[in-house]
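Biologist: I would like to go through the aromatic and nonpolar side chains with you, one question at a time.

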Amino acid sequence: MQMPDPDAGVIARRDDIAARLSGAVADKSAVITDPAETRVYECDALSAYRCAPLAVVLPSTTQEVAAVLRICHEEGVPVVPRGAGTSLAGGSMPTADAVVIGLARMTGVLEISTDDRLIRVQTGRTNLSVTGAVEGQGFFYAPDPSSQLACAIGGNIAMNSGGAHCLKYGVTTNNLLGATVVLMDGSVVELGGPMGEGPGLDLLGVICGSEGQLGIVTEATLRILPKPEGARPVLIAFDSAETAGACVAAIIRSGILPVAIEYMDRPCIHATEDFCGAGYPDCEALLIVEVEGSEPEITEQLSLIGEIAHRFAPLEFRESRSEEESRRIWLGRKSAFGAMGVISDYMCLDGTIPVSQLPHVLQRIGEMSAEAGLRVANVFHAGDGNMHPLILFDANAPGDLERCEALGADILRLCVEVGGCLTGEHGVGVEKRELMSAQYSDADLEIQMRIKDVFDPHWLLNPAKVFPLATSAPRRDRHAA
Amino acid sequence: MRPDSEADLAAMIRAANGTLSITGGATRLRPGEGQGARIDMRGLSGITLYEPEALTLVVRAGTLLADVHKALASEKQMLGFEPDPRPGSTIGGVAASNASGPRRVSAGACRDAMIGLRMVTGSGEVIRNGGRVMKNVTGYDLVKLAAGSRGTLGALTEIALKTAPVPPQRATLRLSGLNDPGAIAAMTVALTGPFDVTGAGRLPDRTVILRLEGLPGSVEYRASALRRALTDRGDVQIVEGDADFRTLRDYPRTATAVLWRIVLRPSQASQLLAGLPGRHAIDWGGALIWAEAAPGWQPDLPPGAQADAVAGTVQTLPAPDPVTARLNAAIRAEFDPRGLFAGGS
Ligand SMILES: Cc1cc2nc3c(=O)[nH]c(=O)nc-3n(C[C@H](O)[C@H](O)[C@H](O)COP(=O)(O)OP(=O)(O)OC[C@H]3O[C@@H](n4cnc5c(N)ncnc54)[C@H](O)[C@@H]3O)c2cc1C
């Protein structure tokens, strides 16, 4: 992975900078420069790429974040915001001249108002523990990335994360009402407001999904929802991908809004069966459809889904009748990534396509996989076309990683060609930076970079991510001098 | 001026040297808007792509909202955010004003349904952001920025929207005789329980209305569960359909005085309601209050609340803080470096 050369002047001033940073935080242990301790911050979940940062700071308050940023701004030091480091796109990977600002100590709950259906938290708090704070009162926070046990709300906002249930509840941007944001120059701004509306332009909407490049989000107001009375999945097996795809379309058209429609193909089913023995049928493709509501409502929805599915002659229609059966239906899907990891190294893609293109894209992926001589397993959120093709490769075989990356890039270009996009939830980061021009024209990228100019004129916040390196170079160089 | 292609429009904007205002049907211009030379967007119309099975619609900005409704209705679909169907209004005007009706409490606003767009900026450049898929985190989300930007960043030429199925069954629960705190409390009960309410408001005649939608069995089940939850709060009447919600949605159009649009937390609503001078309505479970008032009146806003006079004289309360104001101005300058576009908040 190519990264810009670190600023030698900044590296030479490391001790002075670290000393100044120590003055900005109450707890001196919040500034870390010992190489043994900064190792943890060398990479995120895309661990193939790593680099030790100049220093790490773990502030406890918005004021401390502001003081740290003001110093970095004055010193011309790049800053990489970090939540839990679960990004799959290298979004929180530092450079040697960068200070990592980790939000891990900022986990407080600031306010809960069930009457207003909101919770206000510090953004180092994990996704799952937001629900944890309100479930006693019968509420939950809807966006549920698979990493929800670990990932932080700040990272979710920066990546506009989604989850299995976003078919019904939307992604982070649809559930974010307000944020406290510290800009690179240390100024603090409150965005959003009641119903997410603030004065003037929707700046909150731009911050969400900006991959830590516009400001550091220290506090967030999140919409919480009353918990449904119950939920139940059904597993539907098919002998072809086309039929499964057609069934997805028919369910969506019928007007029922399931909370999740998940898809797995044969290679994935086999791997998970070997791994956890969920008892899935032997079939080409299977869907897991989950609906919510009270008992009679669940029955009503599932009987309609049954009617629709039977038009497509499924090999099996397995409606859960108990908690235990529900657990087993989800078990294979939830273990899919772990199961693939046992049989092989793999690279997980994250392209999104219009649902109508599903059969075509699956067929093309099959052909491309054969040409490249690398196996691809498919598991994804079928309801909204967010695919996660897993390319299997051998990390120890010379050339395999490169072939894998090339196939990955081709598959993502295919997603764009059929009307989709490069990333549905994992973000661009450093990983897909160079592919951006496959989806966007120079003018499209230029206007995005001008937004960065407004928030961070010196391009110090998480630079060298999102935009192709050559495209963003003039802006970074402008200020490096 | 009335361009009939995106290229035409870009040329017009490049050639302009004075104030421009981008209009659709000009049915929702706010005080201060509509000055200078008008660019009438209605020449750029038509649906470019509609995939009912993917719940997506791509439409040129000058298309009449009524035509969008018609196309969706033929597939038993709708715009989930429920914009009011002001005659003559265009989908571009709806998007540029983020017009969102009662279903915003459950389905989100227009901006939440907007998944992609094309626009011509003030430098006459055509840009694209987002796409036509539900999930997309490729680069910055400028779609949200354009939603509600009221023609100040550029002219939207094409918008991709998420559609929603029309629910097979609808019912409205009506409660009358409640005072302000009682009305807000009833809406809060409805929205904080497992009833999946898709609208909660109060009409100017003080009837509290709560909407349930979905499969027939489900609506029936939830209507009786919600009625039970509200028994000690007064008489509940259940009526089929949601005509009351159309009345609520269209209330702003019937206003005869200066109309204020006030957005606040429901828990703050009772206090504000107590100080209103005239006819008003409540939407979004207490988070939106429409209030008619005499010229010169101003609402006494609780912390965090926002208010705009949408008809009458230009007023926005409170003034944005200096950092927000600076960011707004700087972004506008990046999109519209020559400062051509009039108006806007
Ligand atoms: C096993 C696994 C499963 C996953 N499943 C999903 C999934 O289902 N859906 C999904 O969307 N993602 C998923 N992810 C990806 C990842 O979990 C999300 O992107 C998550 O939101 C990252 O959060 P984080 O706190 O770990 O962020 P980090 O990795 O620390 O940072 C991610 C990005 O956000 C920025 N950032 C972090 N905190 C802040 C802040 N406070 N202010 C500003 N910028 C900040 C960083 O600079 C970086 O660019 C998965 C990852 C793993 C490892």
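Biologist: Does A:Ile343 count as buried, partly exposed or exposed, and at what relative accessibility?

Modeller: This is a predicted model, and in it A:Ile343 is placed in helix α12 of chain A, which covers residues 323-343. Together with A:Phe275 and A:Val342, A:Ile343 makes a nonpolar surface patch of about 290 Å². Buried requires under 20% and exposed over 50%, so A:Ile343 counts as partly exposed, at a relative accessibility of 44%.

Biologist: How many residues apart in sequence are the parts that the pair of A:Phe140 and A:Tyr169 ties together?

Modeller: Over all chains, a search of the whole structure gives six aromatic pairs. One of them joins A:Phe140 and A:Tyr169 edge-to-face, with 5.4 Å centre to centre and 80° between the planes. Because A:Phe140 lies in strand β7 and A:Tyr169 in helix α7 of chain A, the pair ties together parts whose separation in sequence is 29 residues.

Biologist: A:Phe337 and A:Tyr346 also form an aromatic pair; what is the angle between the planes?

Modeller: A:Phe337 is partly exposed at 24% relative accessibility, and A:Tyr346 is likewise partly exposed, with a relative accessible area of 26%. Their ring centres are 6.4 Å apart, and the pair is edge-to-face, with an angle between the planes of 65°.

Biologist: Which residue lies over the face of A:Trp459?

Modeller: A:Trp459 belongs to one aromatic cluster with A:Phe467 and B:Tyr140. Over the face of A:Trp459, at 5.2 Å from the ring centre, lies A:Lys452.

Conventions:
Residues numbered from 1 in each chain as written. Chains lettered and ligands numbered in written order. Predicted model: local features only at pLDDT ≥ 70, side-chain atom pairs only at ≥ 80, totals over all residues. Heavy atoms only, no water. Patch = residues over 30% accessible without salt bridge, like charges linked within 9 Å, V, L, I, M, F, W, Y side chains within 5 Å. Areas by Shrake-Rupley, 256 points an atom, 1.4 Å probe, with all protein chains shown as cover. Salt bridge = Lys/Arg side-chain N within 4 Å of Asp/Glu carboxyl O. Helix = DSSP H or I, 4+ residues; strand = E, 2+ residues; numbered from the N terminus. Buried < 20%, exposed > 50% of the residue type's maximum accessible area, 1.4 Å probe, protein only. Phe/Tyr/Trp six-rings, centres within 6.5 Å; stacked < 30°, edge-to-face > 60°. Lys NZ or Arg CZ within 6 Å of the ring centre and 35° of its normal.
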